[in-house]
Amino acid sequence: MSWAYLPPFHSPILSKILARITGQIKTGQNIRREVRLKLDPQVYQFIERVNELIQAAIPKIREKGYRDLVLVIDNLDRIVFRVLDDKTGRTTHDALFLEHAEQLKSLDLHMIYTVPISMFYSLKATGLTGAFPDYSILPMIKVKEEDGNPCSEGIDRLYEVAKRRLDIERIYADGVVEFLADKSGGMLRDFIRLLGYTIELAQVRGGGVPITMDLAEKAFRRLVNEYGRMVPDEYYKLLAQVARNKRAPNDEKHQAMLYNLSILEYMNGNRWCDVHPAIRELPEFKDIFRRE
């Protein structure tokens, strides 16, 4: 993939709009509705000015040999899920991706947004795919088969991800990266976190390498504790059923667990689900899983 660097554009009108929006956002949480009412009429004016900048930029990037502009908006899948209206079930996710879909599609360039996966398994899925018909669901990287056997291809893929960022052979002892890949459940974000945790732990010990399995296990325990703090007690029985059946029913609680990654989805072949490896290590889960 090629990237084009463009010098910044300076637009007095755009600067004034941004300053006005920033000032209104800073007025506090107690008048959010008032802020939204003030901002909404300005959004289209803002989009219009940005589109002017985009149209001015495209000839310049084509002169440099690039074909077009692509804007990637990452981390929108991490937007806090909150019910805004108990009567209608309207949520923060609905407000952004459904109610403001037209604004999200209004920029004159290719856009990529990350959307919470739980939206695709909610009653709003039809509206979402109608608003954004060109979508792809990216599953976890499969590190285990549905029957629980290791998937070497997925583990090797994560190893390559780490190798592109770190001197794996110098930093890690044999088998450590593969262990972290397995314990991430194929969730790339958690795999990167585990790599970071091991490096932090090694630095505390004086920075010695290679990083050994005992530090990898401590890093995984940290991840286990983080997941343990976010799982409500009433969810463990449901999680145990997912672990046995490899299926996640399409209801509000399972959507929430897909959203917070307690449940991971795989689509290598048929769609199936499993419980995050960190959840499997929690005593509450182990106890209910044995009794189910």
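A residue is called buried here when its relative accessible area is under 20%, exposed when that area is over 50%, and partly exposed in between (1.4 Å probe, protein chains only). The structure is a predicted model, in which local features need pLDDT of at least 70 and side-chain atom pairs count only at pLDDT 80 or more, while totals for chains, interfaces and linings use all residues. Residues are numbered from 1 along each chain as its sequence is written, and side-chain values use heavy atoms, with hydrogens and water left out.

The protein has 292 residues, of which 39% are buried. Its secondary structure comprises 14 helices and six strands; helices (H or I, at least four residues) and strands (E, at least two) are DSSP runs, numbered from the N terminus. Contact means heavy atoms within 4.5 Å. Among contacts in the protein with a separation of 6 or more, 61% are between residues 24 or more positions apart. The accessible surface amounts to about 17700 Å², and carbon and sulfur atoms contribute 53% of it; accessible areas come from the Shrake-Rupley method with a 1.4 Å probe, and for residues only the protein chains shown count as cover.

The interior may be taken next. In soluble globular proteins, nonpolar side chains tend to be buried together. A nonpolar core is defined as a set of buried Ala, Val, Leu, Ile, Met, Phe, Trp, Tyr and Cys residues joined through side-chain atoms within 4.5 Å. The largest such core has 63 residues, and those with the most contacts inside it are Tyr-172, Leu-180, Phe-191, Leu-239, Ile-263, Ile-279 and Phe-285. Helix α10 (residues 213–228) supplies the largest share of this core, with seven residues. A second, separate core has nine residues, including Ile-54, Ile-58, Leu-69 and Leu-109. Phe-191, with neighbours within four places in sequence set aside, is in contact with Leu-158, Ala-162, Val-177, Leu-180, Ala-181 and Ser-184.

The bridge partner of Ile-263 in β6 is Val-275. Strands β5 (residues 263–266) and β6 run antiparallel and are joined by four bridges; two strands pair if DSSP finds at least two bridges between them. Strand β6 (residues 272–275) is covered on both faces, with Trp-272 and Asp-274 buried on one side and Cys-273 and Val-275 buried on the other.

Asp-182 lies in helix α8 (residues 176–183). Because its relative accessible area is 17%, Asp-182 counts as buried. Beyond neighbours within four places in sequence, Asp-182 is in contact with Val-143, Lys-144 and Pro-277. Leu-201 belongs to helix α9 (residues 188–204) and, with a relative accessible area of 27%, is partly exposed. Residues up to four places away not being counted, Leu-201 touches Leu-215, Lys-218 and Ala-219. The C-alpha atoms of Leu-201 and Ala-216 are 8.9 Å apart, and these two residues are separated by 15 residues along the chain.

Charged pairs form a further theme. Side chains of opposite charge can pair when their charged atoms come close. A salt bridge is a side-chain nitrogen of Lys or Arg within 4 Å of a carboxyl oxygen of Asp or Glu, and the structure holds 21 salt bridges. In the pair of Arg-49 and Glu-48, the closest N and O atoms are 3.6 Å apart. Arg-49 is classed as buried because its relative accessible area is 18%, whereas Glu-48 is partly exposed at 45% relative accessibility. Lys-142 and Glu-145 meet through their side chains at 3.0 Å, N to O; Lys-142 is buried, with a relative accessible area of 14%, and Glu-145 is partly exposed at 29%. Arg-62 forms a salt bridge with Asp-68, the closest N and O atoms being 3.9 Å apart. In this pair Arg-62 is partly exposed at 48% relative accessibility, and Asp-68 is partly exposed with a relative accessible area of 32%. A network of salt bridges links Asp-190, Arg-193, Glu-200, Arg-222 and Glu-226.

The surface also carries nonpolar side chains. Val-70, Val-72 and Ile-112 make a nonpolar surface patch of about 240 Å². Patches are made of residues with over 30% relative accessible area and no salt bridge, like charges being joined within 9 Å and nonpolar side chains (Val, Leu, Ile, Met, Phe, Trp, Tyr) within 5 Å. Val-70 is found in strand β1 (residues 70–73) and is partly exposed, at 44% relative accessibility.
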